[in-house]
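Visitor: I am new to this one. Could you show me around?

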There are 2 protein chains.
Amino acid sequence: MFTICELGERAQRARVQLAKCETGVKTAALLAVADAIEEHRAEIVAANALDLRAGRENNMSAQLLDRLSLDESRIQGMAKGVRDVAKEEDPVGRVRWGAVRPNGLRIEKVTVPLGVVGIIFEARPNVCSDAAALCVMSGNACILRGGKEAINSNMAIARIMRDALEKAGLPADCVQLVEDTSRESAAQMMALTGLIDVLIPRGGAGLIRAVVENARVPVIETGAGVCHIYVDESADIDMAADIVYNAKTSRPSVCNAAECLLVHKNIAHSALPAIAARLAEKDVEIRGDALTCSILPSAKPATPEDWGMEFGGYILSAAVVEDIDAALEHINRYSTKHSEAIITESYQSSERFLREVDSAAVYVNASTRFTDGGEFGFGAEIGISTQKLHARGPLGLVNLVSEKYIIRGEGQTRC
Amino acid sequence: MFTICELGERAQRARVQLAKCETGVKTAALLAVADAIEEHRAEIVAANALDLRAGRENNMSAQLLDRLSLDESRIQGMAKGVRDVAKEEDPVGRVRWGAVRPNGLRIEKVTVPLGVVGIIFEARPNVCSDAAALCVMSGNACILRGGKEAINSNMAIARIMRDALEKAGLPADCVQLVEDTSRESAAQMMALTGLIDVLIPRGGAGLIRAVVENARVPVIETGAGVCHIYVDESADIDMAADIVYNAKTSRPSVCNAAECLLVHKNIAHSALPAIAARLAEKDVEIRGDALTCSILPSAKPATPEDWGMEFGGYILSAAVVEDIDAALEHINRYSTKHSEAIITESYQSSERFLREVDSAAVYVNASTRFTDGGEFGFGAEIGISTQKLHARGPLGLVNLVSEKYIIRGEGQTRC
């Protein structure tokens, strides 16, 4: 087993080779990876069975066991994901700007790979192949560190991908898995200045916070989503109920699900019961402020911790607000700057909300669940960035690059 | 005197107001700032005199005293700098991408301010007005922390700018100065998660390293420049001598000055003496490897620390290399990824160098000294980014923004 530092050095050597590859080589290698995943599906299922057995022995919840589980159809989904990335346009080598300066210097700004991307993830083993495909296609070597629950699955998938990359003429070290799943290995990745160019955490709020607090290498924060929906005085109540229902219940565990409902006081008496009736279809628990509880007898009183909480399940916090200013203040205080929506028929309210909410995605009359690379038309994504540097929102292939200036002259010197 | 945390909270309130301002308001406010700087020049000169006296008492070097000193013409230069920024195009509110999705959602990606920008600087007091102007024009509140040597000058400049901004209808807290110049105040800024959106260190390698090692808030690294020039086998020797002379001696203290010369072994016997002869005009000390010293009797032997060293003065390290591969290896090992140049008449060498050197700016047959916002045609800059996230190379107004997605619908929900 290599140390994290050795993995970093190997990745740095691999990224130099990978950066020289033409698009066709990367595409062919990824198609070979997809084929290999399908061919070796029995091996993946067997490795996954070890993880599932360990999970059951450790009393893992049914929901987590389901996330961990890989069957034939999920493995085919992984292969398809890799093929989809292979079909996308190469994000490297695009000329984003160019000029001939008065002194004759010819300057171009071109996209280049980031270098070595570290990914710390907690979720499903398919992140392994998804993230590796995006990194390889964007010319980046990657170092993947998953959780211990999925270590056997991840090791099998990584081994299969590495073999396929090598057969296709790329260095196997374009994709490396950290086999040590201790806290120390994550901490070491966070400190690997000079060897990891960017670290992307994919997981719950605790992981994101740990990375942001401790990382010395540059980080792209992803995923923590405390999304708000504000139902304005002028809202169409049926639309509001549909959107809140969709945003809360269509997939409550994901980061673009709604966690908090804010309702203008002048519409609260009609809107809250209508929304609550829809949410009752899925037994959503509402944790409300005093006014909400007075309107909805079924609501439980919210505690201070419920504001800004990512419930990840069938729970929604709710508050009645004085006006749009109070809604904006609440959002700018508790939001993780992921996705927020206003439901309104007022032009003025819609424009104010779009302008003044400081989040990656701001919606008028639509569900927050649309914040997603596929839904935006960008293809596969490695996460949703909630930070302001580099890239915001769905992180696709085009965001996994940096740029450099290349300048051609014939002896120019500066006065 | 406010605590750093209070400064952060005040800046957050100010940025909300500033983000709502139209371009005309920001332009008018900056023009008023420029006028105020000129009107109050006597006040600035008087404050500067206190710093100069303290500097002399502390035996500050003549070079540093010169940097610190503000006279009428330098103050006019500061005012002109602010006016130049006011004339630039507003980087906020540009629509960078848009689409109507098949489900009717209308998505736009628009530029927005970063929020609150922290700037820790060591250099001249004019950084105060330059940085503040760039931040205000890009809609960002800024928290400036200069060195203790310039504290009186910085306080005078900040006070004058704040008064002018307030009279022009912007919150004075758009620009705040940290008056505590202890190490602790810098450390507190680095930890101000949630209140400082981006921290930009402007100064020497020690400052940059401290920020990168310790900051929890997102950072844009700037400035550390260990720039290399590689003289290829096929180089025009006169051109090589001109470019090395220019890159080393035209302003040796800046980050785009050359620090290391690499020469192909087949041209070393003719190129090194020619280059050394030019450098001798400015008494440049050459610290060479064994082969360089055998060719140039005047060269001193380089120590291992000389490779990768930012001399900042009239010293140049020099090595003879086997071939372009050895040059690339040396550069990728010791460079700070700022600016590197190749001098060559070979098409193949030029293309390899451009492709394989992983630096912000890569030159063929031109001086590294051109890496500069003005020289690239970008206008004023807040520094030269040497990192791969967010922005690389000269950081101008257009790099001081983030973006967000705004999405307009009519009730869409996700399947």
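Predicted model: local features only at pLDDT ≥ 70, side-chain atom pairs only at ≥ 80, totals over all residues.

Visitor: In which sense do strand 1 and strand 2 of chain A pair, parallel or antiparallel?
Guide: Strand 1 covers residues 95–100 of chain A, and strand 2 covers residues 106–113. G98(A) stands opposite E108(A) in strand 2 of chain A. The two strands pair over five bridges, and the sense is antiparallel.

Visitor: How do strand 7 and strand 8 of chain A run, parallel or antiparallel?
Guide: Strand 7 spans residues 227–231 and strand 8 spans residues 258–264, both in chain A. H228(A) stands opposite C260(A) in strand 8 of chain A. Five bridges join the two strands, and they run parallel.

Visitor: Which strand of chain B is joined to strand 16 of chain A?
Guide: Strand 16 of chain A covers residues 401–412. One of its residues, Y405(A), stands opposite A361(B). Five bridges make the parallel link, and the partner is strand 13 of chain B.

Visitor: Which are the edge strands of the open sheet of 10 strands?
Guide: The order is 10(A)-9(A)-11(A)-8(A)-7(A)-12(A)-13(A)-16(B)-2(B)-1(B), with mixed pairing. An edge strand here pairs on one side only. The edge strands are strand 10 (300–301) of chain A and strand 1 (95–100) of chain B.

Visitor: What kind of axis relates chain B to chain A?
Guide: A rotation of 180° superposes chain B on chain A, with an RMSD of 0.0 Å. The shift along the axis is 0.0 Å. Therefore the relation is that of a two-fold axis.

Visitor: What percentage of the contact residues of chain B recur in chain A?
Guide: The contact takes 69 residues from chain B and 69 residues from chain A. The same surface serves both copies. The share that recurs is 100%.

Visitor: Which residue of chain B comes closest to the rotation axis?
Guide: The distance is taken at the C-alpha. It comes to 1.7 Å, and the residue is H390(B).

Visitor: Which residues of chain B lose the most area to chain A?
Guide: The area buried between the chains is about 5,900 Å². Carbon and sulfur atoms give 52% of that area. Three residues together make up 15% of what the chain B side buries: L389(B), Y405(B) and R414(B).

Visitor: With which residue does R414(B) form a salt bridge?
Guide: There are 14 salt bridges between chain B and chain A. In the one formed by R414(B), the closest N and O atoms are 3.8 Å apart. The partner is D372(A).

Visitor: Which residue of chain A meets R216(B) in a salt bridge?
Guide: R216(B) sits in the loop between helix 9 and strand 7 of chain B. The pair crosses between chains, to helix 9 (residues 205–214) of chain A. The N to O distance is 3.1 Å, and the residue is E213(A).

Visitor: Which element gives the most to the side of chain B that touches chain A?
Guide: There are 41 residue pairs in polar contact between chain B and chain A. The elements that give two or more residues to this side include strand 2, helix 9 and helix 10 of chain B. The top contributor gives 11 residues, and the element is strand 16 of chain B.

Key
Residues numbered from 1 in each chain as written. Chains lettered and ligands numbered in written order. Heavy atoms only, no water. Least-squares fit on C-alpha atoms with pLDDT ≥ 70 in both. Contact = heavy atoms within 4.5 Å. Buried area = accessible area lost by both parts, 1.4 Å probe. Salt bridge = Lys/Arg side-chain N within 4 Å of Asp/Glu carboxyl O. Polar contact = N/O pair within 3.5 Å; in protein donor to acceptor, adjacent residues only side chain to side chain. Helix = DSSP H or I, 4+ residues; strand = E, 2+ residues; numbered from the N terminus. Pairing = 2+ DSSP bridges.
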